[in-house]
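Let's take a walk through this model together, one region at a time. Keep the sequence and the 3D view open as you read.

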Amino acid sequence: MPRFSVIVPVFRVQGFLRECLDSVLDQSYTDIEVIAVDDCSPDGCGAILDEYAAREPRLRVLHLPRNVGLGRARNAGMPYATGDYLLFLDSDDTLTPGALRAMADRLNETADPDVLVFDYARTYWWGGTRRNVLAQVLAEGGDGCFTAAEHPEILDLLMVAWNKVHRRAFVEREGFTFPPGYYEDTPWTFPVLLSAERIATLDRICLNYRQRRQGNILSTTSRKHFDIHDQYERVFAFVDSRPRLSSWRPFLHRKMGEHCLDILAKPDRLPASDKGEFFRRTAALFRKHKGGGPVPRELRVLQGGYVAYLARSRSGRLGAELGRRGLQVRKVAATRVKSGWSAAHEHRPLDPDLAVYSAFSHRGVLGDPGAIYHAARELAPHVRGVWVVREDQAPLLPPGVEYVLPDSLGYRRVTARATYLINNVNWPDTLVKRAGSVHVHTHQGTPLKYMGADLRDKPGARHGFDVPQMLRRADRWDYSLVANRHSELVWDRAYPCHFTSLRTGSPRNDVLVRARPEDGAAVRARLGIPAGHRVVLYAPTRRDYVRGGLVDRIDLARFADDLGEGHTLLVRLHPSLTDGPSRGMGLSELHRRGVVLDATVEPHVEDLMLASDVLVTDYSALMFDYANLDRPIVIHADDWGAYAASRGAYFDITADAPGHVAHSYRELAWLFASGSWRDEESARLRAGFRARFCAFDDGRAAERVVRTLMLGERVEHPVPVAVVPAQAGHDVLTSSRAPS
């Protein structure tokens, strides 16, 4: 008996069917059976199913003699199911990698609940991805099981069958089946969740819910949307047949009203000529099932007529428009006030002892600016340091750090008077470069991928990125900090602006160069890493050839399992992937279960490097910093061709690597299983890489910046300072000849 029976109803999806089937059959968890129901599809779906069934014994195909619709097609597949759990997968959707393994582990962890609810992401035809906006409901479900009465928020999730797995014995005992109609999931999901004695949640994106440009049933303009009324009649009939569920009637009454009004408000659901009739039927159903108690304010419109509903809708839209215009007026007025204030203060003298810092778009005391700030507090305490920090990050600042919020009065005051402005991201256009001020740009690491003006021939990589505007902002730089000759030449080419290139080394790397064994031990203890574990830091970068940037190159659960006992897999996603669906693709769930340690939101990446024994990355600039530790680095480059073609690269990392290169997961697993990841060849490659890319890092970079720029001292540099001459007239693809 398999663990899962995956039932896939199929109708007019020949363009998506193979992807759907592959997403199931290629799962690492194989204890499954797939029952595909060809709902008399008029296209090539039937032939595709037979082709797959001929080579895949886990797949059974049912060809229905006539079209019966989605719900009844699911019913047709259920009698053939022998698995412990039923999973209903629509044939244009896909399972995410590792989804079935995560479901199976969660079922075991919660001792086989009646229903397991998991998360999903909407994937749009134009390439966008958006996670379920109510994902927190799953996280709030806790570690164990509950009933709908104990956690009623579970009923706020999308009322569909495909975001759940159902215990087959529970379904058969209760006699659940799908009715015919457009909204067949409604009278299935409410009864299932209200009847379940044990519900569990899985806070992980297990399914990609395809949003098709055309062909999506619920986005089709049709009178078939009137079906929602019959489906809610079925829900109320079910509740009436089970007296113990009678207390749910007010809740369902409200849900029904909200659902129907939502359909009516959508511009693409109902023909305009039928909207009045739909409203009247909704109002009649609302009156029919009304019990005691007050009607919620937002549903009182159903107590009136259609004309009143239209008037209210129009007034709501008018109010929203007036509010939007009022906001625009206030913004314009505020901008004028700010401009006038700034202009007045541009005539005040600069404060020679004021430095303003920012890092990673105002995320806190981080990176190179953070290292310079700490060095300045020690070596130049007379220089007042003020950080520009986002409001949500301000509570996380260390004690004693002075800060201002972006675009606030305090921000305008300090940026207008500061002599030193230090950032690893360009300041916004509103910040005016004043004569005598010193702008220091630290960058965010050694560049492998194309940057700045070099992106002009990479339209995918610079999508939404204004290169001329970026160069105008870079014209304000006085100094550009570099850690190696490669960076110096790249910045010269990528930013044809006026600046002096300082061979200071990277201030953020000082802590790595000076690292002591006890530094890593302290971080491990803080992160809860068991003593004696070998720590593998996995730090993938984003991809420009995929909207959203996330590409799952490694099955993290499999990698952690292959590493074996005595290892901790420490995962650090690219900062741009912190929000959205990225961490929901299994990472948060694996962290909760202790399979991996998710360190994506750890503010100081240097701590993670100190805590690790080896770095596994693809093309992240982190490798250049990590090389200062002289610890093994493994490159996983299974999509190097696509990455280099879409983003552009200054050299081939697979040919000039800091360690062994794996071109597939199989090669990566072998490197660790065989111990080759830390052999003599790995050390040789690392030594050459360090010589090339860590040449200026000697542990004194932050001190060097402070003494040179703030104290005016002549300080010995690792190599002579290179001054990049004015370059504004140069071709952006011609590197200027900087003195060495």
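Contact here means heavy atoms within 4.5 Å. This is a predicted model, so local features need pLDDT of at least 70 and side-chain atom pairs count only at pLDDT 80 or more, while totals for chains, interfaces and linings use all residues. Residues are numbered from 1 along each chain as its sequence is written, and side-chain values use heavy atoms, with hydrogens and water left out.

**Two loop residues**

Let's begin with S612, found in the loop between α20 (605-611) and β20 (614-617). Helices (H or I, at least four residues) and strands (E, at least two) are DSSP runs, numbered from the N terminus. Leaving aside neighbours within four places in sequence, S612 is in contact with R524, V535, L537, Y626 and R631. Is S612 buried or exposed? With 1% relative accessibility, S612 counts as buried; buried means under 20% relative accessible area, exposed over 50%, and partly exposed in between (1.4 Å probe, protein chains only). A polar atom of the S612 side chain lies 2.9 Å from the backbone oxygen of M609.

R12 sits in the loop between β1 (4-10) and α1 (17-25). R12 has 53% relative accessibility and therefore counts as exposed. Beyond its neighbours within four places in sequence, R12 is in contact with S41, P42, D43, C45 and R212. The C-alpha atoms of R12 and G46 are separated by 9.7 Å, with the two residues 34 apart along the chain.

**Two open sheets**

Next come the sheets, where two strands pair if DSSP finds at least two bridges between them. Strand β15 (residues 479-481) pairs with β16 in the parallel sense over three bridges, and Y479 has T500 as its bridge partner in β16.

Two bridges join β21 (residues 633-636) and β22 in the parallel sense, and the bridge partner of I635 in β22 is V661.

Axes are lines fitted to C-alpha atoms, for helices over the stretch in contact, and angles run from 0 to 180 degrees between N-to-C directions.

| Helix pair | Angle | Axes apart |
|---|---|---|
| α8 (residues 227-241) and α9 (residues 249-265) | about 175° | 11 Å |
| α8 and α10 (residues 275-288) | about 10° | 10 Å |

The pair α8 and α9 is therefore roughly antiparallel, whereas α8 is roughly parallel to α10; angles under 35 degrees count as roughly parallel and over 145 as roughly antiparallel. Residues of α8 that meet α9 include I228, Y232 and F236, and on the α9 side L252, M256 and I263 are among them. I228, H229, Y232 and E233 of α8 make the contact with F278, R281, T282, L285 and K288 of α10.

How values were computed: A polar contact is a pair of N or O atoms within 3.5 Å; within protein, one must be able to donate a hydrogen and the other to accept it, and residues adjacent in sequence count only if both atoms are side-chain atoms. Angles under 35 degrees count as roughly parallel, over 145 as roughly antiparallel, 65 to 115 as roughly perpendicular and the rest as oblique.
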